[in-house]
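Trainee: Could you pick one part of this model and take me through it slowly? I'd like to hear what packs against what, and how the pieces around it are arranged.

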Amino acid sequence: MYVLKRLGAVLIRGVADMGWGVLGLLLLAYLLLAWLGLTLTGETALVDSPTTFLYYMIVTTSTVGYGDYSPVTRGGQLMVVFFIVPVGVGLFATLLGKASALVISQFTRRLNGEQSIVQKDHIVIVGFNAYTESLVGQVREEARPGQVVALCVDANAPARNPFLEQGVEYFRAASLSDETLYERASARDASLVVVDVEDDSETNLVCMHLSALVEERCRITAYVKNQMVGRLLETHCPKVNVIPSLHQKMLVKAALDPGSEEVMRLLVDADQAQTQYSTRLSGSSLPLTVERLSRRLRRQCRASLIAIRQAGEAHPVLNPDDERLLAAGDEVFYIAGRRIPPDEMARHLAAEAD
């Protein structure tokens with residue numbers, strides 16, 4: 001009895017450890033032997049058609065046993081008792097066990113940031129700090145419906161995905177300079193990459209690597225504390241949009257113009273009711289002067305125009321002249337309670353004629 005138990009344990013462990021290919025071959029061999037045995041024992045009703053045979057085998061091996069089909073010959077009954085049921089139940093349990101283990105393994109890998117994805121036009125965030133939760137929330141609000149958000153972090157970040165409930169894909173590596181980190185996150189095909197790393201030198205290295213990796217259409221935005229690092233980054237990586245720290249400038253402005261620091265804080269604080277957005281112009285109401293555009297935005301959308309960027313210009317123009325003519329494709333920056341999509345803005349601009 002002891003030998004039989006040991007042999008059974010070895011067989012079960014061997015079947016459980018085998019690959020999907022071997023398990024598939026065993027399952028196919030089992031079905032062929034079962035069909036041959038039922039045919040030779042005269043169970044014509046059970047092998048009358050492939051559908052009936054598969055139905056009977058699945059119902060039997062899963063131990064459901066509806067009873068609408070059953071062996072009627074002595075040989076068929078022995079075949080079911082000594083081969084189809086014991087072998088089938090073992091294979092069925094092994095199949096369910098391996099499938100369950102695969103699902104659990106995939107979930108665990110996703111939870112621990114070890115998985116890989118194949119995505120396009122998604123958003124990638126690099127770095128983890130005290131502001132990451134707020135940044136993830138803002139990005140999720142601005143993302144298109146169904147657009148995937150991926151967070152790439154190093155070993156200093158939590159071991160498990162803290163944003164799993166928000167649907168954020170988590171990718172963790174020993175260092176942000178690990179190239180496999182961005183390969184697993186499909187950063188090459190992302191539409192937007194946001195780099196928010198505590199150390200400016202690491203930000204520089206990450207941005208240089210991503211600039212050579214991502215497609216031309218991808219936008220890279222990086223936050224830096226040191227303006228010298230920011231200028232160096234802009235020189236070597238023109239496609240990176242560098243966001244410098246405003247802390248020192250706000251200190252100076254607060255000393256020279258009391259109250260201006262509060263205005264600057266309101267403009268950059270996304271938690272306020274109104275904040276700054278940008279939209280590209282389109283529609284039949286164009287071209288339009290800055291004066292008319294500003295008046296229509298205020299009247300139709302309760303939005304205040306603050307800057308424009310016309311085609312071919314590298315940087316926005318703050319407080320532009322009223323006479324400047326805007327055309328389709330130009331970008332407008334404004335303060336509003338929410339982002340105004342291009343199609344909605346086009347409808348508002350065409351809603352009335354000055």
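Mentor: Let's start with what covers the buried residues of helix H12: the list includes strand E7, helix H11 (290–301) and strand E12 (331–336). Keep in mind that this is a predicted model. H12 itself spans residues 342–350, and its buried residues are Glu344, Met345, Ala346, His348 and Leu349. As a general rule, an α-helix has 3.6 residues a turn, so residues three or four places apart point the same way.

E7 and E12 both belong to an open sheet of 4 strands, ordered E7-E12-E9-E10, with antiparallel pairing. E7 (275–280) sits at one edge and E10 (317–318) at the other, each pairing on one side only. Over at the E10 end, 2 bridges join that strand to E9 (residues 304–309), and the two run antiparallel. For a landmark there, find Ala307, which stands opposite Leu318 in E10.

Helices H2 (20–40) and H4 (74–112) each supply at least two of its residues. Take Leu95, which is found in H4. Its relative accessible area is 33%, so Leu95 counts as partly exposed, since that class lies between the 20% limit for buried and the 50% limit for exposed.

Note on methods:
Residues are numbered from 1 along each chain as its sequence is written. This is a predicted model: local features need pLDDT of at least 70, side-chain atom pairs count only at pLDDT 80 or more; totals for chains, interfaces and linings use all residues. Side-chain values use heavy atoms; hydrogens and water are left out. Two strands pair if DSSP finds at least two bridges between them. Buried means under 20% relative accessible area, exposed over 50%, partly exposed in between (1.4 Å probe, protein chains only). Contact means heavy atoms within 4.5 Å.
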